[in-house]
Amino acid sequence: MASTAPELNYMINDLAAKSHQEHYPGVVIRVDQLSDSTFLFNTQNGARLALYVLGDKILRFRYLTDGPLEPDFSYAVPPESMRRHKPKFLEFTEKVDHYRITTARLICIVQKEGLRIRVLDRSGTVLSEDEKGFHWEYNDDTGNDIVKMSKQVPAGVHYYGLGDKPDNMNLRGKRFTNWGTDTYGYQKGADPLYKNIPFYHVLHQKIAHGIFFDNTFKASFDFAAERADVTSFWAQGGEMNYYFIYGPSLMEVAQEYTMLTCPPELPPLWTLGYHQCKWSYFPESNVKAIAQGLRERQIPCDAIYLDIDYMEGYRCFTWSKAHFPEPKRMVQELAQDGFKTIVIIDPGIKIDPSYWVYQQGLAGDFFCRRADGPLMKGSVWPGLCNFPDYTNPKVREWWAGLFQELIQDIGVKGVWNDMNEPAVFEKGTFPPDVRFHYDGLTASHSKAHNIYGMQMARATNDGVKRFSYPNRPFTITRSTYSGGQRYSSGWTGDNIASWEHLWLANIQCQRLSISGFSFVGSDIGGFVDTPTGELYARWVALGAFHPFFRTHSSGDHGDQEPWSFGEPYTSHVRSFIELRYRLLPYMYTTFWQYATLGTPMLRPLTFLDQHDTETYLRMAEFGLGDNLLVCPITQPGADGRWMYLPRGDWFYYWTDEHKAGGAEVWASADLSRIPLFVKAGAVLPLQPVLQYVGEKPVDELTLHVYFKNGSAESLLYDDGGEGYGYEQGHKTLRRFTVTGTTDSLTLSQAIEGDYQPGYASYRVVLHGLPTAPAKASVDGKAAKLREVALETGLTLPGLAVPSSFAEIRLGLHVPGLDVPA
């Protein structure tokens, strides 16, 4: 026996080595056309490629290694979204060594040897080319295939996106993993974090495309980190299932991806106001004191949050009898003063036989189970808990129903989901053998982990929406997956009160926005530790331009209310919050564009001008909507900063100073300012300051009109900011066109829709006129010009006009000439 042992060991080791070797598709032996726009490439070793032509700009590649074609299911891409995309032109041809699929915008080459892919635009420019292409490796431990894709890295390529990664905007040279993780006090470069968004942009030769790897297993992305000439992505199971999304602009890529995974519905307008939060505001007297402090100091605020201490022993859907004995009365009294109450709900349900939510969960078999049948147990804030399986439609329906008392009876206006990566104390997350329903497809935790938070937010949103009706719902989540923007807003998690984290908040919110998830913000001031007054004021200044605008802090690090740092910080913070409320018409219009067109609300500099290579590595500056450019101060003691302006003409918001773009400029900004520029030709709609949305009728808007030698269009959308009347057409879109010459300025308005806003007039303020105005007319009738004093200290020419006007004409003084109106 001893003499044969070495041979036996060799055989065993050889088998083990073979089980870990990489496999590749064989030669194509047959192509089946499954539909007008779906092709199945079959190879001699059983590997297959299902190629879906989802439009002239979107191709989907779905590789299978063996076995039958599995059910096509995605939490990210709803079936109706797949059906919505059809190519206008499609041609399939076979060549000697490859197949060619041609659409109106793309050419896709599929090599017969190994199914390697090359994608070109119709001019012949190579956009994407496989290196090894698709390959896989069998995983002995899980029985899954580790599915891999590698592509060539051409010279000068740049990568952006991938959700909440706390790193430089340009991803080239970095490697990341998607595995939702509770990362308290994370640092720059930490990975992974809370969110799992496997989508990124590629910019090469000033042409953009996107890659969306729709795989929920732990996934990794290498942007030329290991090898400078190769980029790759892979997952620990599931299918190699990815979408190629053509631009050619970065904005178009973001739009196509967001519309594929579906944007959110419009939120209630008040959710775009200022929110105040802390772990934790309790008891009731403390909550009332915070509310009173905001109102007495005239600091606008729409929402106050209750963290886990409002509950009885951290049991979800309960109230602490000691701290909040009459929650309905308290919530109603807060509402009378304009405050909407938001409460936290975590996934862990305390194991307590006397607890009604636990009883229902047990009775309905709604909790996650281990492979051999026992219920999954894990410790979080309430102690030992069971956890709902939100991938089960019956569980989602049950969970939604639990919100009736909170929303319908007590009057809570929104729900905040936390700890839903899912997080478990000491263990990190669930064991890999936990089983999930996965909407009938059955999955282990390895497959369901990354979508757990998204599905919790989905179930929560279903409940909040059901019991808020006819008003709109509001939910916020810490963890999510691609497509999760349909169900919730979000924030960047447990950050730190540091200047580096102020810098990170700017980058992370931009990155999430271009990854389809625009309704996002950070914990202003930092969750961990205590900021200085200067840091807090600078952070509020940035947060005022983020879609989700909330101060949140840990309870054991001191107070972090807008007045906590004394003067002059309180006054500066108040001014920025007031500016946010004046900007609400613009912010809401920008959200409407996101919800209807898929345009990111926050736009990195590269997205504003991808033809200018100066923008490729810059990351501090960002656009908010169509017409604003913001650049935060992220260093202490600064009285301004250098920043880059995209090509074109810009006006400094605080002084009206004109600057030509395509260059670095100095933006003077003490604590009362943030570097903020307005695009020439813009019409910026502002409303009066309110202490909360709905405090009083808005009877006039101010239209700030910025001169442009040329023509530009701006939008203003309105539907009242609440309810669903807009779905029946009760909405109005106003298109403003500015046309300027050396001796005139014309502002025209075209109104679409029948919604009648509360305001009947505009105050028009004229910025950047090359010479003084001579005469003005409104719809052909002479109008009186007047001087208007602004909050910035400027005094500028303006006029009052009806909100229904069609055209304003302004004649400008030209020395030596009489200028007609």
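Helix α10 (residues 499-513) has 15 residues and spans 22 Å from its first C-alpha to its last, close to the 21 Å expected at 1.5 Å a residue, the expected span being 1.5 Å times one less than the number of residues. Of these 15 residues, 14 are buried, where buried means under 20% relative accessible area with a 1.4 Å probe and protein chains only. The model is predicted, so local features need pLDDT of at least 70 and side-chain atom pairs count only at pLDDT 80 or more, whereas totals for chains, interfaces and linings use all residues. Residues are numbered from 1 along each chain as its sequence is written, and side-chain values use heavy atoms, leaving out hydrogens and water.

Helices (H or I, at least four residues) and strands (E, at least two) are DSSP runs, numbered from the N terminus. Arg295 lies in helix α4 (residues 284-296) and is buried, with a relative accessible area of 11%. Not counting residues up to four places away in sequence, Arg295 touches Cys301, Asp337, Gly338, Phe339, Gln691 and Tyr692, a contact meaning heavy atoms within 4.5 Å.

Three bridges join β22 to β23, and Val380 stands opposite Gly383 in β23.

| Strand | Residues |
|---|---|
| β23 | residues 383-386 |

Key. Buried means under 20% relative accessible area, exposed over 50%, partly exposed in between (1.4 Å probe, protein chains only). Two strands pair if DSSP finds at least two bridges between them.
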